[in-house]
Amino acid sequence: MYLRLVERSKEPTDRAYEHLAGLLLAARDCHRALGTEDAFTGYLAGLRAELKRRRKLMSTLDRHGL
(Lines give C-alpha, C1' and ligand atoms only; values in the text may rest on other atoms or scores of the structure.)
Protein backbone atom coordinates (compact mmCIF):
# COMPACT_ATOMS: atom_id res chain seq x y z
CA MET A 1 0.00 0.00 0.00
CA TYR A 2 2.71 2.50 0.94
CA LEU A 3 4.60 1.61 -2.24
CA ARG A 4 1.58 2.62 -4.31
CA LEU A 5 1.40 5.95 -2.49
CA VAL A 6 5.06 6.60 -3.21
CA GLU A 7 4.53 5.67 -6.89
CA ARG A 8 1.56 8.04 -7.21
CA SER A 9 3.39 10.95 -5.66
CA LYS A 10 4.52 13.47 -8.27
CA GLU A 11 7.92 13.86 -6.61
CA PRO A 12 8.58 11.33 -3.86
CA THR A 13 11.12 12.58 -1.36
CA ASP A 14 14.15 10.76 -0.05
CA ARG A 15 12.31 10.63 3.26
CA ALA A 16 9.44 8.70 1.65
CA TYR A 17 11.89 6.19 0.19
CA GLU A 18 13.68 5.83 3.53
CA HIS A 19 10.34 5.24 5.26
CA LEU A 20 9.45 2.61 2.67
CA ALA A 21 12.83 0.91 3.17
CA GLY A 22 12.18 0.87 6.92
CA LEU A 23 8.80 -0.76 6.38
CA LEU A 24 10.33 -3.39 4.12
CA LEU A 25 13.07 -4.12 6.67
CA ALA A 26 10.43 -4.56 9.36
CA ALA A 27 8.45 -6.87 7.08
CA ARG A 28 11.60 -8.90 6.40
CA ASP A 29 12.20 -9.25 10.14
CA CYS A 30 8.64 -10.49 10.61
CA HIS A 31 9.06 -13.02 7.81
CA ARG A 32 12.33 -14.20 9.37
CA ALA A 33 10.61 -14.68 12.72
CA LEU A 34 7.80 -16.62 11.03
CA GLY A 35 10.18 -18.73 8.95
CA THR A 36 8.75 -17.36 5.69
CA GLU A 37 11.72 -15.30 4.53
CA ASP A 38 11.74 -17.07 1.15
CA ALA A 39 8.25 -15.74 0.43
CA PHE A 40 9.39 -12.21 1.25
CA THR A 41 12.52 -12.58 -0.89
CA GLY A 42 10.29 -13.70 -3.77
CA TYR A 43 8.10 -10.64 -3.28
CA LEU A 44 11.13 -8.32 -3.47
CA ALA A 45 12.40 -10.14 -6.57
CA GLY A 46 9.03 -9.46 -8.20
CA LEU A 47 9.25 -5.77 -7.32
CA ARG A 48 12.74 -5.55 -8.82
CA ALA A 49 11.64 -7.33 -12.00
CA GLU A 50 8.68 -4.97 -12.40
CA LEU A 51 10.94 -1.94 -11.96
CA LYS A 52 13.36 -3.30 -14.54
CA ARG A 53 10.50 -3.82 -17.05
CA ARG A 54 9.25 -0.28 -16.45
CA ARG A 55 12.71 1.20 -16.96
CA LYS A 56 13.14 -0.75 -20.18
CA LEU A 57 9.75 0.43 -21.46
CA MET A 58 10.52 4.06 -20.60
CA SER A 59 13.92 3.80 -22.30
CA THR A 60 12.31 2.41 -25.45
CA LEU A 61 9.66 5.12 -25.46
CA ASP A 62 12.34 7.81 -24.97
CA ARG A 63 14.33 6.46 -27.92
CA HIS A 64 11.24 6.80 -30.12
CA GLY A 65 10.40 10.27 -28.84
CA LEU A 66 7.24 9.18 -27.09
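Modeller: The chain's accessible surface comes to about 5900 Å², and carbon and sulfur atoms hold 58% of that. Those areas come from the Shrake-Rupley method with a 1.4 Å probe, and for residues only the protein chains shown count as cover. Bear in mind that this is a predicted model: local features need pLDDT of at least 70, side-chain atom pairs count only at pLDDT 80 or more, and totals for chains, interfaces and linings use all residues. Residues are numbered from 1 along each chain as its sequence is written, and side-chain values use heavy atoms, with hydrogens and water left out.

Biologist: What share of the chain is buried?

Modeller: Buried residues are 8% of the 66 in the chain. Buried means under 20% relative accessible area, exposed over 50%, partly exposed in between (1.4 Å probe, protein chains only).

Biologist: And how many helices and strands are there?

Modeller: Three helices and zero strands, running α-α-α from the N terminus. Both are DSSP runs numbered from the N terminus: helices are H or I with at least four residues, strands E with at least two.

Biologist: Which helix has the lowest mean pLDDT?

Modeller: Helix α1, residues 2-8, at 60, while helix α3, residues 37-63, has the highest at 93. The chain averages 86, with 82% of the residues scoring at least 70. pLDDT is the predictor's confidence in each residue, from 0 to 100.

Biologist: How far does α2 reach, first C-alpha to last?

Modeller: Helix α2 (residues 14-34) covers 30 Å with its 21 residues, close to the 30 Å expected at 1.5 Å a residue. The expected span is 1.5 Å times one less than the number of residues. Just after α2, Gly35 has a positive phi of about 80 degrees.

Biologist: Switching topic: how many aromatic pairs does a search of the whole structure find?

Modeller: One. Phe40 and Tyr43 make a tilted pair, 6.5 Å centre to centre with 35 degrees between the planes. The cut-offs: rings of Phe, Tyr and Trp (its six-membered ring) pair if their centres lie within 6.5 Å, and planes under 30 degrees apart are stacked, over 60 edge-to-face, the rest tilted.

Biologist: Where do Phe40 and Tyr43 sit relative to each other in α3?

Modeller: They are three residues apart in helix α3, so about one helical turn separates them. Phe40 is buried at 5% relative accessible area, whereas Tyr43 is partly exposed at 44%.

Biologist: Last one: is Asp38 buried or exposed?

Modeller: Exposed, with a relative accessible area of 69%. Asp38 is in helix α3, and its C-alpha lies 9.7 Å from that of Arg28, 10 residues away in sequence.
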